[in-house]
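Dear colleague,

Please find the structure below, together with its sequence.

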Amino acid sequence: MQQLMFPAYSFRVKNSENKTSIFDVVRKKFIVLTPEEWVRQHVVHFLITDKNYPLSLINVEKVIKVNGTIKRYDVVVYNSDGSIHLLVECKAPKIKITQQVFDQIARYNLTLKGNYQMVTNGLFHYYCQIDYENEAYHFIPELPAFQH
């Protein structure tokens, strides 16, 4: 798989039936290794290892309803009170981060109401803090580390 703009992490990978799978520490199972999954797994390890988010507060690939349509978010980090701290949208490295990607995460966030958003294709990362009072979002240079 392609080198991404994340620190190097050690992953459990296995090959069977001509498919490569990667172990997801959140879902606690092997997942077929696609380019998007490669990015998603780097994000999960980045949040746990570099930002100190507890594994127990991270959720991956869950179904949500957005305007009556079934969608799947990539990664969500909860606050200890159950509200959403961070919503992450992952794309494969070859997918450009465009306005449509930001529109997608914004639509998801209308339902989820997270404090922060991260959009990444593994090569480029964008972080936003949501300002609900002024109905705006602000790009920030990096995600805050977990506050205990």
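Phenylalanine 139 has a relative accessible area of 49% and is therefore partly exposed; buried means under 20%, exposed over 50% and partly exposed in between, with a 1.4 Å probe and protein chains only. Please note that this is a predicted model, in which local features need pLDDT of at least 70 and side-chain atom pairs count only at pLDDT 80 or more, while totals for chains, interfaces and linings use all residues. Residues are numbered from 1 along each chain as its sequence is written, and side-chain values use heavy atoms, with hydrogens and water left out.

Aromatic rings

A pair of aromatic rings is described by the distance of the centres and the angle of the planes. Rings of Phe, Tyr and Trp (its six-membered ring) pair if their centres lie within 6.5 Å; planes under 30 degrees apart count as stacked, over 60 as edge-to-face and the rest as tilted. The model contains 8 aromatic pairs by this rule. In one of them, phenylalanine 102 and phenylalanine 139 have ring centres 5.7 Å apart and planes at 80°, so the pair is edge-to-face. This pair links distant parts of the chain, since phenylalanine 102 belongs to helix α2 (residues 99-112) and phenylalanine 139 to strand β9 (residues 136-140), 37 residues apart. Helices (H or I, at least four residues) and strands (E, at least two) are DSSP runs, numbered from the N terminus. Phenylalanine 102 counts as buried, at 13% relative accessibility. Ring pairs also bring Phe102, Tyr126, Tyr137 and Phe139 together in a cluster.

Two charges sit over rings (NZ of Lys or CZ of Arg within 6 Å of the ring centre and within 35 degrees of the ring normal). Arginine 12 lies over the face of phenylalanine 23, 4.2 Å from the ring centre, and the charged end of lysine 14 is over the ring of phenylalanine 30, at 4.5 Å from its centre.

Salt bridges

With a salt bridge taken as a side-chain nitrogen of Lys or Arg within 4 Å of a carboxyl oxygen of Asp or Glu, the count is 8. Glutamate 37 takes part in a salt bridge with arginine 27, with the closest N and O atoms 2.8 Å apart. Here glutamate 37 is in helix α1 (residues 35-50), whereas arginine 27 is in the loop between β2 (19-24) and β3 (29-32), 10 residues apart. Glutamate 37 is buried at 3% relative accessibility, and arginine 27 is partly exposed at 22%.

Glutamate 37 also forms a salt bridge with arginine 40, at 2.2 Å between the closest N and O atoms. These two residues are separated by about one helical turn, because they are 3 residues apart in helix α1. Arginine 40, buried at 4% relative accessibility, forms a further salt bridge with glutamate 61, at 3.2 Å. Glutamate 61 lies in strand β4 (residues 58-66) and arginine 40 in helix α1, so the pair ties together parts that are 21 residues apart in sequence. Salt bridges with shared partners join Asp24, Arg27, Glu36, Glu37, Arg40, Glu61 and Asp74 into one network.

Strand pairing

Two strands pair if DSSP finds at least two bridges between them. β4 and strand β5 (residues 69-78) are antiparallel over 8 bridges, and lysine 62 stands opposite tyrosine 73 in β5. Their hairpin has 2 residues between the strands, and asparagine 67 takes a positive phi near 50°. β5 is also joined to strand β6 (residues 84-90) by 4 bridges, again antiparallel.

Yours sincerely
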